[in-house]
Amino acid sequence: MPETHLKEQLAERFREINGDHPMTDADDAYVSAQFVVLEELCAAQDRDTDAVRRLMLDGRLPLPGYLRSDGAEMVPADLFALADEAGGVGLLEAWFTAHWADQVAGKAEWSAYLSGRYVCLRSVTPATIRRKDQLTAAIGAALEEPDADAVRLHSLADELDALEPAFTDYDRLRFGGPTSRDTCIDAVRARFPRPDGPGRR
């Protein structure tokens, strides 16, 4: 299958999942700073770009996190790290889902991982996925308490901050609302100012 056709198929799959939203200059700049072009990553690691695209379309590697406005498929620099750790692409799914005791939960996380939408983490691993879920749940529960513990909330938000990138406006469009950084980090810090002054950590 020609490279252009595979690239078009991948773009179509991406838009099926994320919707067809415009990327602004600011979005492009953010993505270019945080991610790498698939073709460049494959060239640097002596991998066949078309073969990688086929693996993505076959549900064996995650889709790109973003399509830049020029059509470039943007992926994390460690795109192949989990497959390498698992012992190869063929072993990745079993290795990945085994990190969840609940098989249904593991399969759901695998599907989410393949979607490429885990742009909410600086490094996407089963450990960081699980920790992010724990932190957002803990922050949500703490915010519901009548006498919320501001010190604990800041501690949780700071840990989540270390896991999450800044996000961009495109993310708010494709996710249909605020990001977890908006609700669990920025909102917490705005609602509970640090006693040692704004911006202090």
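How many bridges join E1 to strand E3, and in which direction do the two strands run? Two bridges join E1 to E3, which covers residues 73–75, and the two strands run antiparallel. Strands here are DSSP runs of at least two residues (E), helices are runs of at least four (H or I), and both are numbered from the N terminus; two strands pair if DSSP finds at least two bridges between them.

Before I go on, a word on the source: this is a predicted model, in which local features need pLDDT of at least 70 and side-chain atom pairs count only at pLDDT 80 or more, while totals for chains, interfaces and linings use all residues. Residues are numbered from 1 along each chain as its sequence is written, and side-chain values use heavy atoms, with hydrogens and water left out.

Let me stay with the sheet for a moment. It is an open sheet of three strands in the order E1-E3-E2, with antiparallel pairing. Strand E1 (36–37) and strand E2 (66–67) stand at the edges with a single partner strand each, so one side of each is left without a neighbour in the sheet. At the level of residues, valine 36 has valine 75 in E3 as its bridge partner.

Now the whole chain. The protein has 11 helices and three strands, and along the sequence the pattern reads α-α-β-α-α-β-β-α-α-α-α-α-α-α. The radius of gyration, taken over C-alpha atoms, is 18 Å, close to the 17 Å that the globule rule gives for 201 residues, so the protein is as compact as a globular protein of that length; the rule itself is 2.2 Å times the number of residues to the power 0.38. Along the principal axes, the C-alpha trace spans about 60 × 40 × 30 Å.

Of the 201 residues, 43% count as buried, where buried means under 20% relative accessible area with a 1.4 Å probe, protein chains only. Among contacts with a separation of 6 or more, 69% come from residues 24 or more positions apart, a contact meaning heavy atoms within 4.5 Å.

Leaving aside residues up to four places away in sequence, aspartate 28 touches Met23, Arg68 and Ser69. Aspartate 28 and glutamate 12 are 16 residues apart in sequence, and C-alpha to C-alpha they are 19 Å apart in space.

Notes. Buried < 20%, exposed > 50% of the residue type's maximum accessible area, 1.4 Å probe, protein only.
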